[in-house]
Structures are given as structure tokens and as C-alpha cells.
Amino acid sequence: MKKTSEKVLNPIRLGNAVLIRTVTVYTTGRIAIITPTELVLTEAAWIADTGRFNAALVASTVAEAEPFPSPVAVNRGAIVDVTDWRGELPAKVQ
């Protein structure tokens, strides 16, 4: 296994922009509150279509997005994975 000096950070941290994949949907947003059962996101959007998944992660672009008008809570029991979102969060319907 290749050793690296790069520090690995958990993407589940306050203020971090993330893409969350649950058992049924994708959501982007900024983590505002972390509880044992939920992640509360601001600047959140339901991602109806990521397009090419790798392109979405690398370029922070998606094919279709539907922003939430207010914060949204994501149940942690439904989360499959969470990763950093490196660019601007989707803020317009597309």
C-alpha cells in the first residue's frame, strides 16, 4: 500500500460542502448541524441527475439540480456515502 503524507479529513464536519448519496437520492449542501441521527444542510439541493458521476465529483457539475428553499435534514441511517464537494454548490434549478 502506498504511503502518503496527505492528511485525510472526514467529510462529515461542520461547514463542509458535501455530496451525500442516500439509498434513494443525491443531495448537496453545507453541513450546518451534526446530530447522532441527522446531518442538517444549508445551501442544499436535491440532485436529480449527476450526469457522469466522476465528472460531477471532479468538476462540481451536475445535469439536474433542484435547490431547497430552506435547510434540510438528511437521516444518517439512509446515507450510503458522503464526499467533499469542491466547487460552488448548485444554487439554481437546472
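**Starting at a tyrosine**

Trainee: Is Y26 buried, exposed or partly exposed?
Mentor: Y26 counts as partly exposed, because its relative accessibility is 23%. Keep in mind that this is a predicted model.

Trainee: How many aromatic pairs does a search of the whole structure find?
Mentor: The search finds one. The pair is Y26 with F53, and their ring centres are 5.9 Å apart.

Trainee: Is that pair stacked, edge-to-face or tilted, and why?
Mentor: The planes of Y26 and F53 are at 40 degrees, so the pair is tilted. Stacked would need under 30 degrees, and edge-to-face over 60.

Trainee: Which parts of the chain does the pair link?
Mentor: Distant ones: Y26 is in strand β2, and F53 is in helix α1, residues 53-59. They are 27 residues apart.

Trainee: And F53, is that buried, exposed or partly exposed?
Mentor: F53 is partly exposed, because its relative accessible area is 30%.

Trainee: Next residue. Is T27 buried or exposed?
Mentor: T27 counts as buried, because its relative accessibility is 6%. The cut-off for buried is under 20%. T27 sits in strand β2, which covers residues 26-34.

Trainee: What is T27 in contact with, leaving aside neighbours within four places in sequence?
Mentor: V18, L19, I20, L41, A45 and F68.

Trainee: I20 is on that list. What does I20 touch, with residues up to four places away not counted?
Mentor: V25, Y26, T27, L39, L41, V74, I79, D81 and V82.

Trainee: Change of topic. Which residues make up the largest nonpolar core?
Mentor: There are 10: V18, I20, I31, L39, L41, A44, V72, V74, I79 and V82.

Trainee: Which strands each supply at least two residues of this core?
Mentor: β1 (17-22), β3 (38-49), β5 (72-75) and β6 (79-84). β3 gives the most, with three residues.

Trainee: What lies apart from this core?
Mentor: Another core, of nine residues. Among them are A17, I47, A56 and W85.

Trainee: Why might such side chains gather like that?
Mentor: In soluble globular proteins, nonpolar side chains tend to be buried together.

Trainee: Now the strands. How many bridges join β2 to β3?
Mentor: Seven, and the two strands run antiparallel. β2 and β3 also form a hairpin, with three residues between them. R30 stands opposite T42 in β3.

Trainee: Over how many bridges do β3 and β5 pair?
Mentor: Four, in the antiparallel sense. There, V40 stands opposite A73 in β5.

Trainee: How many bridges join β3 to β4?
Mentor: Four, and β3 and β4 run antiparallel. β4 covers residues 64-67. The bridge partner of I47 in β4 is A65.

Trainee: Zooming out, how many helices and strands are there in the protein?
Mentor: One helix and six strands. Read along the sequence, the pattern is β-β-β-α-β-β-β.

Trainee: What radius of gyration does the protein have?
Mentor: It is 13 Å. A compact globule with 94 residues would have one near 12 Å, so the value agrees.

Trainee: What share of the 94 residues is buried?
Mentor: 31%.

Trainee: Last one. What share of the contacts with a separation of 6 or more comes from residues 24 or more positions apart?
Mentor: Those account for 54%. The tilted pair of Y26 and F53 also links distant parts of the chain.

Methods: Residues numbered from 1 in each chain as written. Predicted model: local features only at pLDDT ≥ 70, side-chain atom pairs only at ≥ 80, totals over all residues. Heavy atoms only, no water. Buried < 20%, exposed > 50% of the residue type's maximum accessible area, 1.4 Å probe, protein only. Contact = heavy atoms within 4.5 Å. Phe/Tyr/Trp six-rings, centres within 6.5 Å; stacked < 30°, edge-to-face > 60°. Core = buried A, V, L, I, M, F, W, Y, C linked by side-chain atoms within 4.5 Å. Pairing = 2+ DSSP bridges. Rg over C-alpha atoms; globule rule 2.2 N^0.38 Å.
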